[in-house]
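Q: I have a protein model open and would like to learn how to read it. Can we begin with the aromatic rings?

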Amino acid sequence: MNSPAELAGLKEESDYLLGTTNQAFADTQVLFEELSKNIDKPVEFYVYNSETDEVRVTLVMPSDDWGGEGLLGANIAHGYLHKLPAHCCHTTGSSLSQMQLQQISSSPNSEIIAGETTYLP
């Protein structure tokens with residue numbers, strides 16, 4: 001079963017959903033509201049990966065009709081035990097350049113959905 005999270009290439013326990021271009025995800029309620037207003041529509045999320053110490057833009061298409069539970073099909077947690085790892089708070093990190101994003105989108109592991117590119121795991 002390919003959940004929206006899997007189709008977007010989100011990585012369990014190393015990816016952190018930060019927000020969209022319009023707002024940060026201060027808590028799960030803000031995330032839920034963003035997902036709910038974008039059911040079956042692609043939305044860009046800023047995602048921090050603690051393994052690569054990079055922030056990337058990831059296209060997510062929330063759905064309530066993918067065959068599993070939730071709009072993402074992923075466990076979402078917040079609070080004290082689910083903060084960004086301490087080691088990443090002391091780095092400047094990096095983000096993917098436009099050229100890197102273009103290389104990824106032209107890779108054989110990408111799929112076009114609703115005129116947008118989504119990255120498959």
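A: Gladly. This model is predicted. By the pairing rule, the count comes to two aromatic pairs.

Q: How is a pair of aromatic rings described?
A: By the distance of the centres and the angle of the planes. Take Y16 and Y48: the centres are 6.4 Å apart, with 45° between the planes. That pair is tilted.

Q: Which parts does the pair of Y16 and Y48 tie together?
A: Y16 lies in strand β1, residues 15-19, and Y48 in strand β2. The pair therefore ties together parts that are 32 residues apart in sequence.

Q: Are Y16 and Y48 buried or exposed?
A: Y16 is buried, and Y48 is buried too.

Q: What is the geometry of the pair F25 and F45?
A: F25 and F45 are edge-to-face. Their centres are 5.1 Å apart, and the angle between the planes is 80°. F25 sits in the loop between β1 and α2, while F45 sits in strand β2, so this pair ties together parts 20 residues apart in sequence.

Q: Why do F25 and F45 count as buried?
A: Buried means under 20% relative accessible area. F25 counts as buried because its relative accessibility is 13%. F45 counts as buried because its value is 0%.

Q: Where do nonpolar side chains tend to be in soluble globular proteins?
A: They tend to be buried together. Here, the largest nonpolar core has 13 residues. L10, F25, L31, L35, F45 and V60 touch the most other members. Two elements, α2 (28-36) and β2 (43-49), each supply at least two residues of this core.

Q: What does L10 touch beyond its sequence neighbours?
A: Leaving out residues up to four places away in sequence, L10 touches A5, D15, L17, V47, R56 and T58.

Q: Where is N38, and why is N38 called buried?
A: N38 is in the loop between α2 and β2. N38 is buried because its relative accessible area is 12%. Not counting residues up to four places away in sequence, N38 touches V43 and P62. N38 and S63 are 25 residues apart in sequence, yet 8.5 Å apart in space, C-alpha to C-alpha.

Q: What is the order of the elements from the N terminus on?
A: They run α-β-α-β-β-β-α-β-β. That comes to three helices and six strands.

Q: How much of the protein chain counts as buried?
A: Of its 121 residues, 33% count as buried. The accessible surface comes to about 7800 Å², and 51% of that belongs to carbon and sulfur atoms.

Conventions. Residues are numbered from 1 along each chain as its sequence is written. This is a predicted model: local features need pLDDT of at least 70, side-chain atom pairs count only at pLDDT 80 or more; totals for chains, interfaces and linings use all residues. Side-chain values use heavy atoms; hydrogens and water are left out. Helices (H or I, at least four residues) and strands (E, at least two) are DSSP runs, numbered from the N terminus. Buried means under 20% relative accessible area, exposed over 50%, partly exposed in between (1.4 Å probe, protein chains only). Accessible areas come from the Shrake-Rupley method with a 1.4 Å probe; for residues, only the protein chains shown count as cover. A nonpolar core is a set of buried Ala, Val, Leu, Ile, Met, Phe, Trp, Tyr and Cys residues joined through side-chain atoms within 4.5 Å. Contact means heavy atoms within 4.5 Å. Rings of Phe, Tyr and Trp (its six-membered ring) pair if their centres lie within 6.5 Å; planes under 30 degrees apart count as stacked, over 60 as edge-to-face and the rest as tilted.
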